[in-house]
Number of protein chains: 2
Amino acid sequence: MASGRKLTFDKHQALEAAMYVFWKKGYGGASLAELTHRMGINKPSLYATFGNKEALFVQATDYYAEVIGAKHNAFLTQKDTPLSMRLKLFLTSIIKGQCDKNNPKGCYISLCAAETESEDIPQAAQQKILEVSELTYKALVTLFKEDVEAQHYKLDTQAQHHACFLMATIHGTAAMARAGKSQKALMPVVDHAIEGLGLAL
Amino acid sequence: MASGRKLTFDKHQALEAAMYVFWKKGYGGASLAELTHRMGINKPSLYATFGNKEALFVQATDYYAEVIGAKHNAFLTQKDTPLSMRLKLFLTSIIKGQCDKNNPKGCYISLCAAETESEDIPQAAQQKILEVSELTYKALVTLFKEDVEAQHYKLDTQAQHHACFLMATIHGTAAMARAGKSQKALMPVVDHAIEGLGLAL
DNA sequence: GGTCAAATTTACCGATCGGTACATAATTAA
DNA sequence: TTAATTATGTACCGATCGGTAAATTTGACC
């Protein structure tokens, strides 16, 4: 049985708060002062519960992938929906999230992946970011290879190329959303991207 | 006449070195220690010559726009070249630069623009980044509106949409290059993007 | 050669960085 | 009630952050 004083905060709630801080500031830009403030706890509690900044980042990144990323990817396999419409819903959902004024602008993964090249991010954090950034790519490759409609349009032959193109589109709108572009301004990108695949709407 | 001791370093050379540091680390991630080390000078010399970190960043960003950015944009107006080919040369040149192993991976502007949302970047630096990031966008809008071939393909009617789509493509490949994707892996994006505009190769 | 102006080096400033030692408060088991 | 266990608040650690004061070189002009 566990004895001793109980936690005075909700662990998931604190992790979510940490996720929003990393989403806004990246790994290096997120200070322990801001993290503890937004999480509503102090440093010793953070270290006792989550380990250290690096371990907290890994857990926050997993949380992001499970809660935010998976929500968008679900559109790719929505039943009774044409492929072009599934892709449109998928891209629109992503852009909406990137421009939502209730969230930090842009994409958590895209932002933190940029810190890879800076070399001032710990190994485990870097590996987790690369791992999570592959999830959507792999989902797209699988879609283009195995979806019957995709096969009909011959998108299965160069599935990696098509997935790479859509990933570039997603990362691109993320960068522009972070720089201040509105959802309305970015929506035309969706139709162009789908046309770039050779699919009509 | 200016009297007194002469500078022991080349001002342009030092500015170029600073540009590469910001390109690799962003504004917040670039420390004065690394800047002075790579520039080959010490802090008082930096402050006497360039002002402070913020002023140095503004000058380095202008330098990037003039030297790197302008080089890519030149392909857009190359004489005796079909529009689709000019766009292909333009995009290829950009991706090559983003993946060049002699440079920091990705795009200087795209990286530093991401720091805008972080709020830990001074006003003047933020404004300069936004200003420079509009240069390519405006060049593309002008191209689609005024180029006779673009008009023939009816690209002048929604020039902003098409320019926005290409900007997203550029920022997207920048993010992926920074995360480690090779030039070879990103090249398929070029053809998809041009097809997204409704142009054949 | 002497004088003044400008650039260099060295050393330091207060603030903040990630991380922790320590004492205190709260909870359960005995 | 007491002992053992766990969480909390405070106060601190060495390192690094951007920025600067002061003393020392170097050079151009008279």
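Predicted model: local features only at pLDDT ≥ 70, side-chain atom pairs only at ≥ 80, totals over all residues.

Biologist: Is Lys25(B) buried or exposed?

Modeller: Lys25(B) counts as buried, because its relative accessible area is 15% and the cut-off for buried is under 20%.

Biologist: And how many salt bridges are there over all chains?

Modeller: The count over all chains comes to 18 salt bridges. One of them is between Asp191(A) and Lys88(A), whose closest N and O atoms are 3.2 Å apart. Asp191(A) belongs to helix 11 of chain A and Lys88(A) to helix 5 of chain A, so this pair ties together parts that are 103 residues apart in sequence.

Biologist: How accessible are Asp191(A) and Lys88(A)?

Modeller: Asp191(A) is partly exposed, with a relative accessible area of 31%, and Lys88(A) also counts as partly exposed, at 25%.

Biologist: What does Arg86(B) pair with?

Modeller: Arg86(B) forms a salt bridge with Glu149(B), and the closest N and O atoms of the two are 3.5 Å apart. This pair links distant parts of the chain, since Arg86(B) sits in helix 5 (residues 83–99) of chain B and Glu149(B) in helix 8 (residues 148–152) of chain B, 63 residues apart. Arg86(B) is buried, with a relative accessible area of 7%, whereas Glu149(B) is partly exposed at 23%. In the other chain, salt bridges that share partners join Lys25(A), Glu34(A) and Arg38(A) into one network.

Biologist: Switching to the interface, how many salt bridges are there between chain A and chain B?

Modeller: Between chain A and chain B the count is 4 salt bridges. Among them is the one that Lys24(B) forms with Glu119(A), where the closest N and O atoms are 3.4 Å apart. The rule for polar contacts finds 14 residue pairs across the interface of chain A and chain B, taking pairs in which both residues are at pLDDT 80 or more.

Biologist: Which helices supply the side of chain A that touches chain B?

Modeller: Helix 1 (11–29), helix 6 (108–113), helix 7 (123–146), helix 9 (159–178), helix 10 (183–186) and helix 11 (188–196) of chain A each supply at least two residues of that side. The largest share comes from helix 9 of chain A, with 12 residues. By residue type, the side of chain A that touches chain B divides into 18 nonpolar, 12 polar and 10 charged residues.

Biologist: How much area do chain A and chain B bury between them?

Modeller: They bury about 3,200 Å² between them, and 63% of this is on carbon and sulfur atoms. In terms of contacts, 40 residues of chain A meet 39 residues of chain B.

Biologist: What about chain A by itself, how many helices and strands?

Modeller: Chain A has 11 helices and 0 strands. Along its principal axes the C-alpha trace of chain A spans about 60 × 40 × 30 Å, and buried residues make up 53% of its 201 residues. Of the contacts in chain A between residues at least 6 apart in sequence, 67% join residues at least 24 apart. Chain A exposes about 9,600 Å², of which carbon and sulfur atoms supply 52%.

Biologist: Last one, what does Ala125(B) touch?

Modeller: Leaving aside residues up to four places away in sequence, Ala125(B) touches Tyr27(B), Glu54(B), Phe57(B) and Val58(B). Ala125(B) is found in helix 7 (residues 123–146) of chain B and is buried, with a relative accessible area of 0%.

Note on methods: Residues numbered from 1 in each chain as written. Chains lettered and ligands numbered in written order. Heavy atoms only, no water. Contact = heavy atoms within 4.5 Å. Buried area = accessible area lost by both parts, 1.4 Å probe. Salt bridge = Lys/Arg side-chain N within 4 Å of Asp/Glu carboxyl O. Polar contact = N/O pair within 3.5 Å; in protein donor to acceptor, adjacent residues only side chain to side chain. Helix = DSSP H or I, 4+ residues; strand = E, 2+ residues; numbered from the N terminus. Nonpolar A, V, L, I, M, F, W, Y, C, P; charged D, E, K, R; others polar. Buried < 20%, exposed > 50% of the residue type's maximum accessible area, 1.4 Å probe, protein only. Areas by Shrake-Rupley, 256 points an atom, 1.4 Å probe, with all protein chains shown as cover.
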